[in-house]
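Let's take a friendly walk through a protein model. Have a look at the structure below, and then we will visit some of its residues one by one.

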Amino acid sequence: MIRRVLYEVGRAFRETGQQLDRVGLRVVDKPIFKEPFSRHRAVFNLFDKHPTVEPNVFVAPNASVVGRVTILHKSTVWYNAVIRGDFNDVEIGGFTSIGEGAVVNTSKSEERTPDNATRIGDYVTVGAGAVLQSCTVESHAVIGAGAVVMDGAIVENHSHVGPGSVVHPDQRVPSGQLWAGNPAKFVRNLTPEEKASFEIEAEAVAETAEEHADVFLEHGAAYLEAESRYASVVDKLESGDA
């Protein structure tokens, strides 16, 4: 009950800030923003399930990062992408891009599958419209646009899943190979030049994201400390230590 009350109080403060932002936009005469204010928040808690997103990560304003999601430095979450850490954790490394409309989520844990987290390494490119669920994608890999990587599948480092391909549950894509089709099958080995390009392309995407980020209003991180203090107070009240 106390958590719910504090949640509603915090929501009221945030909505007040949104209204002040609208006033500020009118003062500086930005007519492009003179429209009904969107209530969408790109990064938000699911009650006690908190995202951890480093300050230099770009999350597009209409993307959604929800629940137990960790995103490391210089990664990017592009427009209309959805990352859901509601059932289990989602871990995303540095310089990784989640393309437009892509979905990264997890399935519920069961007795036979206790760990259904989704783990994505560093310098990974996830193409537009791809779907990743409770799988592992190691560093320096590419998931093509519209591809699907299903529960328990592993895409090893320096590998490439072709556009529109489906990596079935518990399937493994070995390092240094291109796989494609449904179900995904071996096509050929990647060249050293192709494997080296994965990191270069990932860094280029991070640079592009900086241009997009400059358009949007910067947000401070002071609220994180405030939320931490609220959580500490709630824990004390519920434990009877206060």
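## A threonine to start with

Is Thr76 buried or exposed? With a relative accessible area of 2%, Thr76 is buried, because buried means under 20% relative accessible area. Keep in mind that you are looking at a predicted model, and that the values in this report are computed from it.

You can find Thr76 in strand β5. Leaving aside residues up to four places away in sequence, Thr76 touches Phe58, Thr96, Ser97, Ile98, Val205, Ala206 and Ala209. Another residue to look for is Thr125: it sits 49 residues from Thr76 along the chain, and the C-alpha atoms of the two are separated by 9.7 Å.

## The whole protein

Now zoom out. The protein has 242 residues, and 34% of them count as buried. Its chain contains three helices and 20 strands.

The accessible surface of the protein comes to about 13,700 Å², and carbon and sulfur atoms account for 56% of that area. As for contacts in the protein with a separation of 6 or more, 24% of them involve residues 24 or more positions apart.

## Rings that pair up

How many aromatic pairs does a search of the whole structure find? The search finds four. One of them joins Phe58 and Tyr79 in an edge-to-face arrangement, with 6.3 Å from centre to centre and 70 degrees between the planes. Phe58 belongs to strand β3 (residues 58-59), while Tyr79 is in the loop between β5 (76-77) and β6 (82-92), so this pair ties together parts that are 21 residues apart in sequence. Phe58 is buried, at 6% relative accessible area, whereas Tyr79 is partly exposed at 23%.

Next come Phe95 and Tyr123. Why does this pair count as stacked? Their ring centres are 5.0 Å apart and their planes are at 5 degrees, so the pair is stacked; planes under 30 degrees apart count that way. Phe95 lies in the loop between β6 and β7 (97-98) and Tyr123 in the loop between β9 and β10 (125-126), so here the pair ties together parts 28 residues apart in sequence. Both Phe95 and Tyr123 are buried. Back at Phe58, ring pairs link Phe58, Trp78 and Tyr79 into a cluster.

## Charged partners

Side chains of opposite charge can pair when their charged atoms come close. A search of the whole structure finds six salt bridges. In one of them, the side chains of Glu210 and Lys74 meet at 3.3 Å, N to O. This pair links distant parts of the chain: Glu210 is in helix α2 (residues 192-213) and Lys74 is in the loop between β4 (64-71) and β5, 136 residues apart. Glu210 is partly exposed, with 39% relative accessible area, and Lys74 is also partly exposed, at 27%.

Arg84 and Asp86 form a salt bridge too, with their closest N and O atoms 2.6 Å apart. Arg84 is partly exposed at 30% relative accessible area, but Asp86 is buried at 13%. A further salt bridge joins the side chains of Arg188 and Glu194, at 2.8 Å from N to O. Arg188 has 33% relative accessibility and counts as partly exposed, and Glu194 is partly exposed with 25%.

## A threonine in a loop

Where does Thr106 lie? Look in the loop between β8 (103-105) and β9 (118-120). Thr106 is buried, with a relative accessible area of 3%. A polar atom of the Thr106 side chain lies 3.0 Å from the backbone nitrogen of Asn88.

Apart from residues up to four places away in sequence, Thr106 touches a list of residues that includes Asn88, Val90, Asn116, Thr118 and Gln133.

## A nonpolar patch

Finally, turn to the surface. Which residues form a nonpolar patch there? They are Ile2, Val233 and Leu237, with about 230 Å² of accessible area together. Ile2 is found in helix α1 (residues 2-27), and at 35% relative accessibility it counts as partly exposed.

Terms used
Residues numbered from 1 in each chain as written. Predicted model: local features only at pLDDT ≥ 70, side-chain atom pairs only at ≥ 80, totals over all residues. Heavy atoms only, no water. Patch = residues over 30% accessible without salt bridge, like charges linked within 9 Å, V, L, I, M, F, W, Y side chains within 5 Å. Areas by Shrake-Rupley, 256 points an atom, 1.4 Å probe, with all protein chains shown as cover. Salt bridge = Lys/Arg side-chain N within 4 Å of Asp/Glu carboxyl O. Helix = DSSP H or I, 4+ residues; strand = E, 2+ residues; numbered from the N terminus. Buried < 20%, exposed > 50% of the residue type's maximum accessible area, 1.4 Å probe, protein only. Polar contact = N/O pair within 3.5 Å; in protein donor to acceptor, adjacent residues only side chain to side chain. Contact = heavy atoms within 4.5 Å. Phe/Tyr/Trp six-rings, centres within 6.5 Å; stacked < 30°, edge-to-face > 60°.
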